[in-house]
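Student: I have a structure open and would like to learn how to read it. Can we go through a few features together?

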Amino acid sequence: MRIILLVVMLLAFVRPSAAQAPSDTRTPYHKMSAWVREIVRDGERQPMRRAAQASVGRNGASPMLTAFVRVKGDGGSVLNPYQARVLTQMDDICIAQIPLSSLSALSRDSRVQRIEANRLHHITMDTTALVLNALPVYEGYQLPQAYTGEGVVVGVQDIGFDLTHPTLYDTTGTRYRVKCVWDMLSADTIGSAMPVGADYTDPDAIVALGCVRDGIISSHGTHTSGTAAGSGYGTSYRGMAYESDICLVANAVSSDLQFISPDDIYKYTYATDALGFKYLFDYADAVGKPCVVSFSEGSHQDFRGDDVLYYEMLDKLVGPGHILVASAGNEGLVDNYMHKPAGVVSAATDIRTLNSDFFTFSIRGSGEYALKLTAHHYGQPEETATIFTRDILAKPDSMLTDTLRFADIPYFVKIAAYPSCYDENDCVLEGQFSTVKKKAVSEGAVDSVDVNLGAYEPVTLELDGESSDIQLFVSSGYIHPGWGTSPVERSHNIHSPGSAPSVICVGANTHRRGFINQFGDYITQEKGYQGAGNGKRALYSSTGPTFDGRIKPEVLAPGTNVMASYSSWTDSPPVTLTQFTEFKGRTYPWGANSGTSMATPVVSGAIALWLQANPRLTPDDVRGVLARTCRKVGAAEGADYPNNEAGYGEIDVYRGLLDVLDLKAAIHDLSDTQPESVRFAIHGNRLELAFASPLSQSVSWRVYSVGGAQMLQGQLPSGSDCAVIDLAALPPAVYAVQLNSLVPGITGSTLVRISGK
């Protein structure tokens, strides 16, 4: 879903100066992330309201905040005296539930170095309105027979799981593959050991749930889990790692607020999501299997450092056999970035609100600089107001709140200043502009028109400061040249946690631009939304760099429009559906979705195959495989790779698998692509080949061990459209099969596994 933006409450973002250093009795706000500061300050400034509403919930206890806490020493010893509950500790970082009423006192403890929490993520799927018109098909790669995800755990943290869908069974529909589910929104919490919701490990109990709690309004997780690991059950929509074990975490996102009690809202944060990742990795460790986790959610980056402990915790969770994959986001179509280099006097752009009443922004600049807001009146002189960084810094808490009046229209300004978490010499301004919702057409008239910022008359934001290097980042609303003087860009919009150094970040590309739905209608979409096809980056897919200058995403995968499982527990847009399956007395739909949400599980499932070949792969190992094997497509013509549009390019599952196995080094004449016009099937010790058309010439074949030894060879005569290679003489193992022919589409290789069963 296109981002549903939560308005940031900009209260006191700056670390106190030396002159304002807190005493032992003052709250040290510099130890807190922005939202934690907001929670504490709201209580301190409104003590009566806090006593009546915030500090005591309906059950008589203070609401609990799930947060990261950096501590010196044992977390329990530090936090327990404040009635906090340590949920996990890794090195010096704890994830804990802390009473809101204890936050201020806890922050004053000298053993506590930082308290960090942030609001809910959002799913990275485009809106239904776009999906209805943008549904090209992607049905998956031709996967090698030898690697199917067996022995690997595919974890998916998402929302809207249909736990009864046949794609979660094996291809015969008899073996249920879901091993555990943590539904963070579950109301079945009596006796639960989980910090929120409840978990389920018995297959019958999981199936009996039917769907997770928000599964009645969303099908998102049903689609992503099917793409990563679904069996397809009688359809062509088989997932990437279709024989893997599946573990699911149903977390909470911004659209789930209807399921969360006001007393519990502070329990659902980034820290809770980190616990979800740990839950999935812990299960895999308990059964001795590698694990890849797919996460198709995210939120905006920031300069406040609100993700410092989050990213450090992710660093600790991933490693050999632990891979986390996250989506890049879907903001590639929005102009949201402008740069004014040092030596240039100023840069200006028109600003407007979009689906929000607020234009919300961050500005990073070196030295002193100024913001100039100009309203361009029709038939009247323009009006301008200038705001200097020095004036903001001089305000209490470096927070400016003001109301400007242009042509008798109030423009509300709220701006906070603080040092960048990446460079303390940079002054960051974070704020929002807004105006009144309605204005009378003429004095005394009943009729009115919208005067949302920039909608009624052009409004320009100019950044001034010749010696300063200044960047503008927009998180709500949009910018465009208009009266402005500078080019704007669509960049720097990668979502967190995909922006984290330890996470594999996935963007979306496009191949097919249409499909036939259940009504026999061909559904397509103009290039302006999905891009040109042919593997190019989908235009909606977010691009880097990150706020601290790193290249993201790492890789592209098909995300427009992926075909996979839909939930049977919620209504889906009929035009998106392609077919239905009857299973155990229920009807299950299959259909298309678009977004980086859909590309992410493609990559996650591919990595599961690589983990089957090498269970000790690390995130850096995966990046190395991507660097060596990705198709160099997705970015502008002539671009170097990696780049901020496409990373290393489009994932090539088969070439990546050969790289993980190091087969190209062992078998020098092995093709790194599978034959385009041949389909393989292994039945016992028989390898069956089906050709797209009768062979016009003979085909030679060789069978190699993964160590590079040639085991068998032979020739297939011309004229047939199918053939069988007898592998009965070979012991159970994985083998590479190479075909060579002058017939187009026949030359290539594949991997097969003889099980000996």
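Student: Let's start with a helix. How many residues of H12 are buried?

Tutor: This is a predicted model, so keep that in mind throughout. In H12, 17 of the 18 residues are buried, so the helix is mostly covered.

Student: What should the 18 residues of helix H12 span?

Tutor: As a general idea, an α-helix has 3.6 residues a turn, so residues three or four places apart point the same way. For the length, count 1.5 Å a residue: helix H12, residues 596-613, should span 26 Å, and its end C-alpha atoms are 26 Å apart, which agrees.

Student: Now sheets. What is the order of the strands in the open sheet of eight?

Tutor: Strands of a sheet pair through backbone hydrogen bonds, either parallel or antiparallel. Here the order is S8-S7-S9-S6-S10-S12-S26-S29, and the pairing is mixed. Strands S8 (198-200) and S29 (555-560) stand at the edges with a single partner strand each, so one side of each has no neighbour in the sheet. From one strand to the next, the twist averages 25 degrees.

Student: How many bridges join S12 to S26?

Tutor: Three, and the two strands run parallel. S12 covers residues 322-327 and S26 covers residues 504-510.

Student: What about aromatic rings: how many pairs does a search of the whole structure find?

Tutor: It finds 20 aromatic pairs. Take Phe303 and Tyr422: their ring centres are 6.0 Å apart and their planes are at 80 degrees, so the pair is edge-to-face; the cut-off for that label is over 60 degrees. Phe303 sits in the loop between S11 and H9, Tyr422 in the loop between S19 and S20, and they are 119 residues apart.

Student: Are those two residues buried or exposed?

Tutor: Phe303 is buried, with a relative accessible area of 1%, whereas Tyr422 is partly exposed at 40%. Phe303 also forms a stacked pair with Phe547, at 4.7 Å centre to centre and 15 degrees between the planes. Phe547 lies in the loop between H11 and S29, so this pair ties together parts that are 244 residues apart in sequence. Phe547 is buried too, like Phe303.

Student: Which residues form an aromatic cluster?

Tutor: Tyr169, Tyr176, Tyr233, Phe583 and Tyr588 form one.

Student: And what share of the whole chain is buried?

Tutor: Buried residues make up 58% of the 757 in the protein chain. Its secondary structure comes to 15 helices and 39 strands.

Note on methods: Residues numbered from 1 in each chain as written. Predicted model: local features only at pLDDT ≥ 70, side-chain atom pairs only at ≥ 80, totals over all residues. Heavy atoms only, no water. Helix = DSSP H or I, 4+ residues; strand = E, 2+ residues; numbered from the N terminus. Buried < 20%, exposed > 50% of the residue type's maximum accessible area, 1.4 Å probe, protein only. Pairing = 2+ DSSP bridges. Axes fitted to C-alpha atoms, helices over the stretch in contact; angles between N-to-C directions. Expected span 1.5 Å × (residues − 1). Phe/Tyr/Trp six-rings, centres within 6.5 Å; stacked < 30°, edge-to-face > 60°.
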